[in-house]
Amino acid sequence: MLGVNNHGQTIVLACAFLSKETTESFVWMFEEFKKAMLGGEPKTIITDQDAAMAIAISIAFPTTFHRLCIWHITSKFSVKLPRDAYKEYWREFQKAIWDTDNKDEFDAKWNTVVTKAGLTDHPWLSSMFDLRESWVPADARQFFAAGMSSSQRAEGSHGFFKQYISRRNSSMDFIIRFERALSHQREKELVADHVDAFEVAQCLLPMPMNKQMATLYIRKMFQKFEQELIQSTACFLELKTEDACKVVFNVSERKNWETRVAEVVYVKDSDHASCSCKRFEFVGIICKHILALFRRDQIEYMPDKYILKRWKKTAKSGLVSDANGNEIKDCADPGLLIKRSTMSRLASDVVEDALMSEEGCELLSETLKSLQVKLKLLKDGPSNNEVGGSSSQTQYMKDPKRVRCKGRSKGVMGAKEKAMKRGIRHCRECGHIGHDRRQCPALNTP
């Protein structure tokens, strides 16, 4: 089972060996997953159309939204539909699926294109329409899924782990290689943690809200927020209705030579704004339509209710306990980031000082080469045998280099053996074998 960390990176949440893919096996796996993950049931699970897994999810995770992979469904249009109908109406199907913000709009566009294509009685299209709440974005955006609508992260993860493991590995070899791959994956997360802990992203817009989010959000999510903030400058608000409880705005945006209109509802009592695009609910990033409303009301700083801790730099702060209440510590060294930051700053200062002169560059280069050799000796590890009698300087003996076995010694080769090694020779005078030119009968005959 895969998930997404606060940097938007794919991570492994759990894995298991299953002898067969039945409902009972999947239920067992999900129950064990709940024991390990104490945060409750996941909000969303994305799978393909596996019937046994769908039943198991409904049993083990009754409150979890089970979403079907939209890529697996849309890729079947070219196979399930007649060729002419697919070529002529596929673009209209795409617009109905991706360019609608609510259920009624999708239903209307879907029925229109199905009627035009003459596919109202098509069994596969009818079955997909009945399942639209499980895969169509207009129906599924209300559930948080970190912006995912397909299982392509799983496909990418399969390619990543295939670099380390294969079907020919034994069980023990598989575990070792799998742990190595996980270590590589966790190292990327540590590097991202280091960058976000000691660096602040550059702001393209000199606005208080943009600077605020640059200090709070991790780099990748801040870039997404900043794009929404930039696009909000091209949105225009129009008052639709207003009463004592709420205010409704139409937010128009010109995109790809088409005008898209979203509906923003502001509830006065709760001081909360929501949008028909459901981007905040689905991705966790406030959308450009609500940001346009904030700009209209001159709100300079983002309210706390619209800032998800999941995307903050402090997302992993706090204690994590197991079922017995014991604290679970991260497998990574807690001082690794501090050490790396300290050494990085020191190295950066040394390089800046060395660049002031040619002598400094040469001195630093020679020192780094010498240091690299010493670190390599330290990495190889000390030996118990100390070479040399001096106690002030310790030299470590390494393993000898491997050489090819020479085999038995060669004996002295006689004339007959040399001739046999050279092969059978022919007389250059008569061409016969058994003699040479000096013994040739043709030359010795009177």
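These notebook entries follow what I looked up about pockets, a cavity and helix packing in the structure.

**Ground rules.** I am working with a predicted model, in which local features need pLDDT of at least 70 and side-chain atom pairs count only at pLDDT 80 or more, while totals for chains, interfaces and linings use all residues. I number residues from 1 along each chain as its sequence is written, and I use heavy atoms for side-chain values, with hydrogens and water left out.

**Second largest pocket.** I looked up its volume and noted about 700 Å³ of space. A pocket here is an open set of points on a 1 Å grid over the protein atoms alone, with protein on both sides within 12 Å along at least five of seven lines, and a lining residue has an atom within 4 Å of a point. The volume is the space filled by probe spheres set on the points, which are joined across faces, edges and corners. I listed 28 lining residues, with Trp98, Asp101, Arg141, Lys255 and Arg260 nearest the centre of this pocket. At least two lining residues come from each of α5 (83–98), α12 (219–232), β6 (246–255), β7 (258–267), α13 (279–282) and α14 (288–296); these are DSSP runs numbered from the N terminus, helices being H or I with at least four residues and strands E with at least two. I recorded β7 as giving the largest share, four residues. By class, the lining of the second largest pocket holds 13 charged, nine nonpolar and six polar residues, where Ala, Val, Leu, Ile, Met, Phe, Trp, Tyr, Cys and Pro count as nonpolar, Asp, Glu, Lys and Arg as charged, and the others, Gly among them, as polar.

**Cavity.** I then counted cavities, meaning sets of grid points where a 1.4 Å probe fits but cannot get out, and found one of 30 Å³ or more. The largest cavity contains about 40 Å³ of space, and I found Ala273, Ser274, Cys275, Arg279, Phe280, Glu281, Ile286, Cys287, Ile290 and Tyr306 in its lining.

**α12 with α14.** I describe two packed helices by the angle between their axes and the distance between the axes. The axes of α12 and α14 come within 8 Å and cross at roughly 60°; axes are lines fitted to C-alpha atoms, for helices over the stretch in contact, and angles run from 0 to 180 degrees between N-to-C directions. This angle makes α12 oblique to α14, since angles under 35 degrees count as roughly parallel, over 145 as roughly antiparallel, 65 to 115 as roughly perpendicular and the rest as oblique. I noted that Phe225, Glu228, Leu229, Gln231 and Ser232 of α12 meet Lys288, Leu291, Ala292 and Arg295 of α14, contact meaning heavy atoms within 4.5 Å. This contact has four nonpolar, three charged and two polar residues.

**α5 with α6.** For α5 and α6 (residues 103–117) I noted an angle of about 165° with the axes 9 Å apart, and the two are therefore roughly antiparallel. Their contact has nine nonpolar, four charged and no polar residues, among them Tyr89 and Phe93 in α5 and Trp110 in α6.

**α11 with α12.** I found that the axes of α11 (residues 208–216) and α12 come within 10 Å and cross at roughly 165°, so these helices too are roughly antiparallel. Met209, Asn210, Met213 and Ala214 in α11 meet Phe222, Phe225, Glu226 and Leu229 in α12, a contact of six nonpolar, one polar and one charged residue.
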